[in-house]
Structures are given as structure tokens and as C-alpha cells.
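I opened this model to look up a helix, a contact between helices and some aromatic rings. My entries follow in the order in which I went through them.

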Amino acid sequence: MPTVTWGVVQGRKEKLVSRVIISDYLKTIGIIPHELEELELPSTVEVMRERVEFLQKIGLTVDDMNEYPLMLGCSVRKNIIPVLTYLEKIGLQRSKLGEFIKIYPQCLHTSVVVELVPVIKFLRGLDVEKQDIGYVLMKYPELLGFKLEGTMSTSVAYLVSIGVNPRDVGPMVTQYPYFLGMRVGTTIKPLVDYLVSLGLPKKILARMLEKRAYLLGYDLEETVKPNVNCLLSFGLRKDTLPSVIAQFPQILGLPLKAKLSSQQYFFNLKLKIDPDGFARFIEKMPQIVSLHQHVIMKPVEFLVGRGFSTADVAKMIVKCPQLVALQVGLMKNSYYFFKSDMGRPMEELLDFPDYFTYSLESRIKPRYQRLQNKGIRCSLGWFLNCSDQRFEERLYGDYIEPESSGPSFCMGGKLELPSNEIVSEEEDDSDDETLYRRTVSL
């Protein structure tokens, strides 16, 4: 409870008279004193006026005081000033102290040494940067009221147990401190268990949470499950859901039905892509769900302007959805190099639209020049769709090996590489880690 301001020792009668006088004063300035009836008030109106004026000085209004009248029971010198001084010391801007008190006035009742300091030490122990403490508290002031041995410690321990790197907990808190107040048993664990049940490996899920801690804030029953069911209803295959979620975790929290309906109609209207083709499209590049339609049309119009039919463009996009997110300027440069320098037929772009996704200066030109010098004639995919090491092996090989479709991953199984190379679980990079590097751009 708030500390009283010690003043003149009063008898019972004097206290009653003082309480009536102070209540009348508060009513005259618009404050309703009903909630203060059980609170020990200061001995004089002057002391109460000092509290009111001090709170107004830091930016609080009479309405704010009516929202939480108990703040008027706090001594300016014993409660308010020590708390505000400490908050400013740990990084809150003086100009925002009033805003902070509006959000979390309960902090005025706390002891700096007994309650506030341990919480700040706990946050620093999680590797929250010193300069970020103020930012974290402004986002989630209620942290100051948590018990260290309760929800906060449990949440962190559980996340570390599923594979979250302890060093990443600090950045997670800075990005989304609310997870420290979530109960593991009723909020965090059910969400994790559900995503794992879809086939998402825990290691991948841990990497996702490290980069996007706000995923923990998605409501499982109200948002996540309905969105997963929505994806299935639009024709996505169940075994592709882990890959879709890994590529675009935000898809779990979007107003998905409306977005999918709009995009499906758009692609059918503009490119005659049927629902099945649209589903395959989303499986390969789920980010399409949130891409603006005018952005999508720019690459489409560019390809149509180069002589491709609408049906051809649709086939190219279904093969390589990344086309719709490319900058037209870069596509132009790659196209003109393809026509003028390489002199290849347009059909090759229809077969390998991924050509436009490679960097002209760092991959296409240098590799093409190497092929020219060696006198090798090959398909676009053969010299572009491989690592630098594999390209060197191909360049100096005695034969042109057959093309492969590139890496593929079956959730829960092994990563299959071209030439049937298998990455075993005993190697440094697990299947999950390799999938993450290949499919997720966080």
C-alpha cells in the first residue's frame, strides 16, 4: 500500500475533519474520492495539493487520476520521486514518464530496491541491452509487476528447452516482451505443440521464434487453427504446410480467408490460373498472400510486352512464383543480356523462368563468359541452378551431367541433394538447419 506522508499527529476527530476537507478539495478539481475512503490520506490539504500538482506537472490529467485514484495515496518524496528517478536512470525519457505512469500507475506503489531493481537485473541477465531497457518497459510496463520466479522464468526456460538459443532471448524480449507474461501451460506450449504436430521441426520453430517472437502472440484457437484450416480449404496439401509456415510465418496471423480469396480471384481473372494452380503457387511462395496486386502486375506486363502470351506467363509464374516480386528494371537488364549477348530462343525462358531471379552481374554474366571460353553449350538451368563449387565441377567435368530439380525436403526425413547425396543427422548441419537456410529468408 502507498506510504503515508507523516505530518502532525492527529486524533480520530481531527483525522475525520481532515479527510472531509481533503475530499471536498478533490471534488472541486474534478476528482472522485470514493476509492480513497479506505486509504490513509495526508494530514493537510496542502500535501494533497502538492501530490496533485506534481502528477499534473509530469503530464497526468484529472481523468488519469480518476482512472486510478490510488496514486493520490503515494507520497511525492517517498514514492513518486524515487520511482520516477529510477525509471529515468534505466532509460525512460523524462518526457515519457507521464505516459508511462498513465499506462502502469501501479509502479508508484513499488519499492525501487525490493521490486524494481531485481526485475531490471533479470532483464539484463537475459541479454537485453542496457539501452533497450527503457524501450522494453514502454512497450510492456507490466513487467515491473511480475515475480521473477514465476511466469517470466518459466517462459524463458521452456523456450530454451525447445531449442531457442539463450543468447537470442534478449533480442526476443526487445522485439516482443509480452511473451514473458504468457503462461507456458495455457498459451506457449499448446501453440508449439500444435505447430510441431503439423510437421514443423522444433529446431525450425525455434529459429522462427528467435527472429519473430511476436508469433507467440497469435491466438491458437481464434487465429492459428482457422488459418491452417483455411490453407487446406484452398487446396494446399497438408504435407506442404510446414514449408509454407517456415517460409512465411506471418501467414498464421493474417486475415487469411479474405486475402486468399482476393488473390485467387485476381490470378484467375488476369492470368486464368485455376484454383489448383493457385494452391501450388502459394505452396512455393506463400508471401504472395500479402503482395499488392499492382506490384504483381508490373512483371506480368513486362513479360507480356516481350511477346509472351498470357497463358505462357501464367505457366512461368506457376513454375517460378518469385517472378511476381521482382523489380522490372532488373528483369529488363537480364532479358536484354539474354537476347543480345546470349542470343537464345525465348522458349528457354519459358522452360526456365528462374533465370530472372539470378543476379546478372554476379552470376549470369561471369558464368556465361566461362562457358563461352570453354566452348560449352548448355541449358540455362544447367549453369545457373547450382552452387559455385558445383559449377566448377561441371565446367571441368568430362561430360554434362543430367539436370536435377535442386534440393528438396520432406519434413521429418532427410535432405535430398542433387546426385542423390544425403545429409545425415550426424553431420554438422542437421536436416532442419539446412532446410531453414534454404527456405526461410528471415
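**Helix α4.** I looked up which residues of helix α4 (residues 76-89) are buried, and found Val76, Asn79, Ile80, Val83, Leu84, Tyr86 and Leu87; buried means under 20% relative accessible area, exposed over 50% and partly exposed in between, with a 1.4 Å probe and protein chains only. Helices here are DSSP runs of H or I with at least four residues, numbered from the N terminus. The buried residues of α4 pack against α2 (45-57), α5 (97-103) and α6 (112-125), where contact means heavy atoms within 4.5 Å. At the N-terminal end I noted Ser75 as the cap of α4, with a side-chain oxygen 3.3 Å from the backbone nitrogen of Arg77. After α4 comes Gly91, which has a positive phi near 125 degrees.

**Source of the values.** I keep in mind that this is a predicted model, in which local features need pLDDT of at least 70 and side-chain atom pairs count only at pLDDT 80 or more, while totals for chains, interfaces and linings use all residues. Residues are numbered from 1 along each chain as its sequence is written, and side-chain values use heavy atoms, with hydrogens and water left out.

**Aromatic rings.** My search of the whole structure gave 13 aromatic pairs; rings of Phe, Tyr and Trp (its six-membered ring) pair if their centres lie within 6.5 Å, and planes under 30 degrees apart count as stacked, over 60 as edge-to-face and the rest as tilted. Tyr140 and Phe146 form an edge-to-face pair, 5.8 Å centre to centre with 65 degrees between the planes. Tyr140 is buried at a relative accessible area of 13%, whereas Phe146, at 24%, counts as partly exposed. Tyr140 also forms a tilted pair with Tyr178, at 4.9 Å centre to centre and 55 degrees between the planes. This pair links distant parts of the chain, 38 residues apart, with Tyr140 in the loop between α7 (133-139) and α8 (148-161) and Tyr178 in the loop between α9 (166-175) and α10 (184-197). Tyr178 is partly exposed, at 30% relative accessibility. I recorded Tyr140, Phe146, Tyr176 and Tyr178 as one aromatic cluster.

**Helices α15 and α17.** I then found that α15 (residues 275-284) and α17 (residues 310-319) pack at an angle of about 40 degrees, with their axes 8 Å apart. The two helices are therefore oblique to each other. Gly277, Phe281 and Lys284 of α15 make the contact with Ile317, Val318 and Lys319 of α17.

Notes: Axes fitted to C-alpha atoms, helices over the stretch in contact; angles between N-to-C directions. Parallel < 35°, antiparallel > 145°, perpendicular 65-115°, else oblique. Polar contact = N/O pair within 3.5 Å; in protein donor to acceptor, adjacent residues only side chain to side chain.
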